[in-house]
Amino acid sequence: MYRNRGSLGGNYIETMSCRWGTELWDQFDNLEKHTHWGIEFVERYTKFVKERSEIEISYAKQIRNLSKKYQLKKNSREEDEYKYTSCRAFLMTLNELNDYAGQHEVIAENLTTHIICELTRYIQDLKAERKSHFHDGRRAQQHIENSWKQLESSKRRFERDCKEADRAQQYFDKIDADINVTKADVEKRCSLKARQQAQMKHQVAEDSKNEYISYLQKFNKEQNEHYYTLIPHIFQKIQEMEEKRIERVGESMKTYAEVDRKVLPIVGKCLDGMTNAAASIQPKMDTKQVVESYKSGFEPPGDVEFEDYSMSMRRTVSESSYLNSRGEGKPSRSNSRGKLWPFIKRNKLMSLLASPRQPPPPPPTSPSPGAVSNGPQSPQQPKEPLSHRLNEFMTSKHKMHCLRSLKRGLSLKLGSGPEDCSHLPPEQRRKKLHAKIIDINKEIQKEIDQRDALTKMREVYIKNPHMGDPNSLDPRLEEINQNIDKLQLDARKHEAWLLEVETRLTEQGDPQRRQSGFYDSQATTPVNNNCAPVNRESPDGSYTEDHSTEHHLKSRSTEFDDDFDDDDPLPTIGTCKSLYPFEGQNEGTISMAEGELLYVIEEDKGDGWTRVRRNQDEEGYVPTSYIKVFFDTNAKDS
């Protein structure tokens, strides 16, 4: 069994082991064509690998651009999105995708280094080696052809000389055999000259024969050496060259596969990273983060009390009741007027509560509307009692719940908030203050590090005066100390605000305290004639106990004072010139004369009204079509 296997293996080896020198001794031209095709094949394979490398580079570039396109932009709104686990997982996926693109760049680099460059150099060497081998073959072939030509030439010369010697011999024999010629004529004609001529021709033929034999032996020897020594040796080198070429192509194909195989572990890690990123998504945490981001800290509003307006219907109309009502009405009106004066003197609030609700009048066609009897008038609307307007303002859910919210809305409308973040809801304010304290502490630590570095440098200068003047660092140290003091003051100020907010949130979160306050207010609240609601829950969650409408209005006027006394007037954003006169007869409007110059403090929001100011105490709305506005770019941007 093993013997048969060995014999089969030997036959296989014999079949595989062939020699071009013996098998293809007469196929010189075909071998030249075949080796030329082999070089073209290597060049085509090199071009294939080069195009694959370019595809990998292009693919990696597109993947990197895609990853960069969706990466987090600095100082952008997207920074807030990455507090969610799904967004962070997406960011991790982009980073892994960037590494994945890098592996394709590694593939392209390895293909270029280990295959393209190597095969390019090998092709040049292969062409030179092939040229050398076939040059030797052509030279050997030329040499054997020249030997053959010499042999043919000596052969033809030998043939010619033999024919001439034969003709000379026949001529001599003819003369010698003629019987009519006398002996004297024979001696005279065929004397020494004819004989010498015949002998000379024979000698020439003999020399040609010897030369022909010599060339024939030489050609046979060279031909034997050519076909059995030179050509097999040259063809064997060509065969070895071809086998090396094929082997090199096989090694390149193997390297081509190994280049991809080497990056598979890292590619697998990138894919595992993407899988882990997807597994890190936590829906519960994201929904909790929504609460952390948008929780205001306010308590939901309480129930709206019933206001009984039928009490006046039940009273009988009599003289006594009429006199009593007249007698009691005067002080009540004076009292109400006295209680409401804080609201009346606040132009800001009045302009907000009584802002125009109708579209502005169209501009007049005549140049001077004052000259026309039926000129444009300001929009007329029924005046509502201030208490109704205030109740509507205070109880409207889609508007602001309290004057603190009103102040917050004004701050947001102007584009800047106060330093204590009071324009934000309590919970958001607490987070904002906490973040500011962290930033301030970082700045303090940064300044302290700079101070320590300068202090050490100053000590070095003191020990080594030739390195520098220590007094030159004093101004910078003084500046850093001032910055540290300022930052520490800001930190203490923000910490106090943070403590205030946390204390309020703690009090708000105490259910027993809030419930007891609610029942106390219910128990101590008297019933008024108009049954106005007296239990109001402020946006910060605390409850107030109002014993009368007067106390209720007092508390609200106090809130107005607290929220608006310290407010600065709205900054001017430009000036305007009135094109037509306007009589501001409605609440919230202001009259103006033709050609009058006013300050613009709030531009038109799309409703056709512009808010202007004449002086510090007189401001209101005017129709936008009645004025020509000149905005101050710097003030508007600020």
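User: Hi! Is Ser154 buried or exposed?
Analyst: Ser154 is buried: the relative accessible area is 1%, and the cut-off for buried is under 20%. Keep in mind that this is a predicted model.

User: Okay, and which helix is Ser154 found in?
Analyst: Ser154 belongs to helix H4, which covers residues 85–176.

User: What does Ser154 touch, apart from its close neighbours in sequence?
Analyst: Leaving out residues within four places in sequence, Ser154 is in contact with Ser208, Glu211, Tyr212 and Tyr215.

User: What about the polar atom of the Ser154 side chain, which backbone oxygen lies 2.9 Å from it?
Analyst: That would be the backbone oxygen of Leu151.

User: Which residues are on each side?
Analyst: Trp609, Arg611 and Arg613 are on one side, with Thr610 and Val612 on the other, and all are buried.

User: How many bridges join S2 to S3?
Analyst: Three, and the two strands run antiparallel; S2 is residues 597–602. In that pairing, Val600 stands opposite Val612. S2 and S3 form a hairpin with six residues between them, and Gly606 in the turn has a positive phi of about 105°.

User: And how many bridges join S3 to S4?
Analyst: Five bridges join S3 to S4 (residues 619–623), and this pair is antiparallel. Here Trp609 stands opposite Pro623.

User: How many residues does the hairpin from S3 to S4 go through?
Analyst: That hairpin goes through five residues.

Definitions and conventions. Residues are numbered from 1 along each chain as its sequence is written. This is a predicted model: local features need pLDDT of at least 70, side-chain atom pairs count only at pLDDT 80 or more; totals for chains, interfaces and linings use all residues. Side-chain values use heavy atoms; hydrogens and water are left out. Helices (H or I, at least four residues) and strands (E, at least two) are DSSP runs, numbered from the N terminus. Buried means under 20% relative accessible area, exposed over 50%, partly exposed in between (1.4 Å probe, protein chains only). A polar contact is a pair of N or O atoms within 3.5 Å; within protein, one must be able to donate a hydrogen and the other to accept it, and residues adjacent in sequence count only if both atoms are side-chain atoms. Contact means heavy atoms within 4.5 Å. Two strands pair if DSSP finds at least two bridges between them.
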